[in-house]
Amino acid sequence: MAFQRIVSRVLPDGSTARVFPFHLSLEGLESNLLCRDEEDYDVVEKFMYISALECNVLVVSHVVMSNHGHMGVLAPGIEYVLRLAENLKHRTSMYIAKKYGEHNVLLGTSADVQLLDTEWYVRNALAYIPRNVVELGVRPEDYPWCSYRAYFVNGKCADGVRRVSALSRREKEALMHTHADLSRVPWLLDRDGHLIPVTCCDWQYLEAAFGNDQAFFLKTIGTLNPAEMEQKRFTTTGE
């Protein structure tokens, strides 16, 4: 079956909608680090999913780097993703202000949102996200703060020990850093309290984009030209 770039999905609010693929990029910070220790990476990763939940967006792929981040998402329109970007920036800015006493750190940070308007663009954007880890000289499967481990495992995870939906209010504040309603999410945490990506992201969409062929996914990551992707991001398209 041919890959369907535009699909129907059940959204976080329970409604069913026709959704489009987008790439959200939080631009790098020149003078401040977004993440300075492991807690920061963990918090920003969780904020990506909490912000997506509150903005009725589905996450397909993500990566958190020291001074930027990327998300591949599905949404009914670009306005949903723009709200997600602002929600994420606000959450992260509040967290940094509380922990480090630095205010308005993300005010000058732009959030670039691109509609992935061709199959080529979908595949290359979804490969570009874990490629950020490869550029560090790290294997994506060894990098804790990306969704790479969610793919081509038949939706299974062996180390899920806690359901986010079952956390007490105090546990939710301590582990998820939010007061948001998470009572209906299927997310699981591992023994260290980190999100297990396969329980959070739409891994089926990514696998379908690569014809359910892991070798195709790996080859695309390895042969991707990051400069070409950066150039492509300067063009915004609509549908």
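At 62% relative accessibility, Arg169 counts as exposed, where exposed means over 50% relative accessible area, buried under 20% and partly exposed in between, with a 1.4 Å probe and protein chains only. This is a predicted model, in which local features need pLDDT of at least 70 and side-chain atom pairs count only at pLDDT 80 or more, while totals for chains, interfaces and linings use all residues. Residues are numbered from 1 along each chain as its sequence is written, and side-chain values use heavy atoms, with hydrogens and water left out.

Arg169 forms a salt bridge (a side-chain nitrogen of Lys or Arg within 4 Å of a carboxyl oxygen of Asp or Glu) with Glu173, the closest N and O atoms being 3.4 Å apart. The two lie four residues apart in helix 4 (residues 169-176), and so are separated by about one helical turn; Glu173 is partly exposed, at 32%.

A salt bridge between Arg36 and Glu102, with the closest N and O atoms 2.6 Å apart, instead links distant parts of the chain, 66 residues apart. Arg36 is in the loop between strand 2 (16-26) and helix 1, and Glu102 in the loop between helix 2 and strand 5 (111-115).

Helix 1 (residues 38-54) and helix 2 (residues 78-100) themselves pack at an angle of about 145°, with their axes 9 Å apart; axes are lines fitted to C-alpha atoms over the stretch in contact, and angles run from 0 to 180 degrees between N-to-C directions. Glu39, Asp40 and Lys99 are among the residues that meet there, and together with Asp37 they are linked in a network of salt bridges.

Notes
Contact means heavy atoms within 4.5 Å.
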